[in-house]
Amino acid sequence: MDKQLFINGKMIKGEGNARILINPATGQELVTIYEATVEQVEMAIQAAKTAFSETDWKQDKEERAALLMKLAGKLEENLEELAKLETENTGKPIRESRLDIEDSAGCLKYYADLLRDQFSEMMEQWDGSASIVKNVPFGVTGLIVPWNFPLLLGIWKIAPALAAGNTVVFKPSELTPLSSIKLAELMGECGFPEGVFNLVLGDGKTAGETITASEDVQKISFTGGTDTGRLINEQCARSFKNVSLELGGKSPLIIFDDTDIDKAVEWAIFGAFFNQGEVCVASSRILVQEDIYSDFTEKLTEKTKKIKLGDPFSEETEMGPVISMDHLRKIESYVEKGKAEGAKLLTGGERTGKQGYYLTPVIFTDVTPDMEIVQEEIFGPFCVIQTFSSEEEAVEIANGTKYGLAAGILSKDVERAERVADQIDSGIIWINSYHTPFVNAPWGGFKQSGTGRELGPHGLAAYSQPKHLNTNAVMGELGWYKF
Ligand code: TXE
């Protein structure tokens with residue numbers, strides 16, 4: 001059990017920091033993790049480099065597709081165990097963990113299929129030559145993910161990176177490595193060639209920066225906070241790495257007055273509080289049209305108070321604890337800021353339960369656009385209600401932060417909703433729903449929510465680069481010089 005790193009096809013023990021993981025639902029110790037030293041991270045990078053250059057992984061599409069399918073099957077066979085690890089480690093309700101594992105298996109299958117359809121592009125050129133454009137892998141990719149969907153966000157990167165023929169050094173969050181360790185064991189069982197996939201554990205300073213600084217890593221894909229993303233982007237610029245960043249958000253859910261209020265209340269609660277609000281696309285700003293404001297807000301508050309908060313292993317639980325005591329305190333500090341800024345706390349913000357990091361879901365109203373609680377990503381069960389009178393005002397408020405990850409629009413008038421959607425600067429917009437990631441459609445942000453896209457064909461394209469080969473079957477005479 002203490003062999004938790006996966007380097008060059010073997011589970012090995014980390015020789016670095018020993019970190020005790022805490023179960024967020026109890027505040028009790030869960031297990032000790034032996035993290036990688038800088039040297040072990042470098043070993044992982046070298047293993048990935050060798051696997052890329054010395055095996056036929058990058059050429060053998062069929063092998064890649066078959067192994068991704070095999071891994072999907074392993075996730076399905078081990079669904080309950082993986083879901084249990086995810087819930088223990090993150091505190092998310094068990095029914096959500098199961099969904100994460102199912103979605104992870106679905107993502108592997110999707111990319112296994114998609115990679116079979118990848119064709120090179122051929123062009124006849126004006127001079128009689130032929131051009132072929134191949135999409136080739138980068139080489140070693142460094143994949144870094146946060147703690148809110150440890151396995152799923154990992155697979156969103158690992159599946160397309162491997163599908164495209166790259167090799168991988170994967171680093172989950174230091175807070176949530178458990179499902180990744182199990183994943184590595186399953187990859188070992190599947191028989192991926194040695195070095196194709198490597199798992200390193202550790203924090204951003206040690207493991208993370210060793211990956212982002214390495215000149216042997218050609219591509220970084222990162223999901224996490226905007227400040228960390230900025231740092232990583234700066235570091236990657238030094239060696240001109242290709243970078244994909246999926247960062248923070250402060251996503252608006254716009255609710256027009258023609259909508260069914262009861263249904264809208266449930267979507268708003270789901271948008272803001274699903275996974276304890278620890279979701280990059282959480283609809284942490286709810287924009288309500290003025291004439292339904294009172295009715296909507298009253299119902300939203302009443303229903304929010306009824307969310308079943310508690311033991312994440314109970315099948316009935318609808319919301320679990322937040323990830324850590326530090327994070328709980330951070331969210332609480334925003335409750336205090338909100339009050340100090342003059343906003344009105346309608347409900348929530350109280351610690352609850354005898355143990356663990358439980359916080360009742362927070363709703364603020366009477367906010368102004370400049371308040372920190374309106375502008376900053378809080379990443380917990382925390383939302384603000386803003387009001388608007390016209391379509392134009394809704395758009396202006398929706399676009400009024402530095403972020404541009406997602407948005408939702410609830411209205412019976414789909415034509416109007418589409419018109420509004422066209423004016424919103426966000427990478428993902430749901431009309432009359434929220435949150436569902438579709439594996440075949442792009443996911444990612446505008447503005448300071450990141451660069452690049454995950455999922456869908458865009459997600460595969462993010463892990464390959466075009467290579468143009470121009471061929472003249474017979475060498476002609478050039479005749480440029482007057483020798
Ligand atoms: O995330 P980080 P943290 C936001 C959210 C949260 C805040 C901080 O607001 O409160 O970010 O959370 C690795 N080089 N989001 O500290 O720092 C780190 O080890 C290389 C939003 O948990 O972004 C982890 O694996 N790697 C977000 C990963 O980056 C580094 C999801 C994410 O950590 C690194 C999570 C470095 N210098 C938090 N520093 C979203 N929008 O999905 C850290 N890491």
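Tutor: Before we start, buried area is the accessible area, taken with a 1.4 Å probe, that two parts lose on being put together, summed over both. This is a predicted model, in which local features need pLDDT of at least 70 and side-chain atom pairs count only at pLDDT 80 or more, while totals for chains, interfaces and linings use all residues. Residues are numbered from 1 along each chain as its sequence is written, and side-chain values use heavy atoms, with hydrogens and water left out.

Student: OK, which domains is the protein chain divided into?

Tutor: It is divided into domain 1 (3-247 + 449-469) and domain 2 (252-431), with bounds that come from an automatic or database domain assignment.

Student: And what area is buried between domain 1 and domain 2?

Tutor: About 2,300 Å² is buried between domain 1 and domain 2, and carbon and sulfur atoms give 58% of that area. On the domain 1 side, Pro24, Trp147 and Ser449 supply 22% of the area buried against domain 2, more than any other three residues.

Student: How many residues of each domain are in contact?

Tutor: Counting heavy atoms within 4.5 Å as contact, 28 residues of domain 1 are in contact with 27 residues of domain 2.

Student: Switching topic, how many salt bridges does the rule find across the interface?

Tutor: The rule, which asks for a side-chain nitrogen of Lys or Arg within 4 Å of a carboxyl oxygen of Asp or Glu, finds 1 salt bridge across the interface of domain 1 and domain 2.

Student: What about arginine 98, which residue does its side chain meet in a salt bridge?

Tutor: The side chain of arginine 98 meets that of glutamate 315, at 2.9 Å from N to O.
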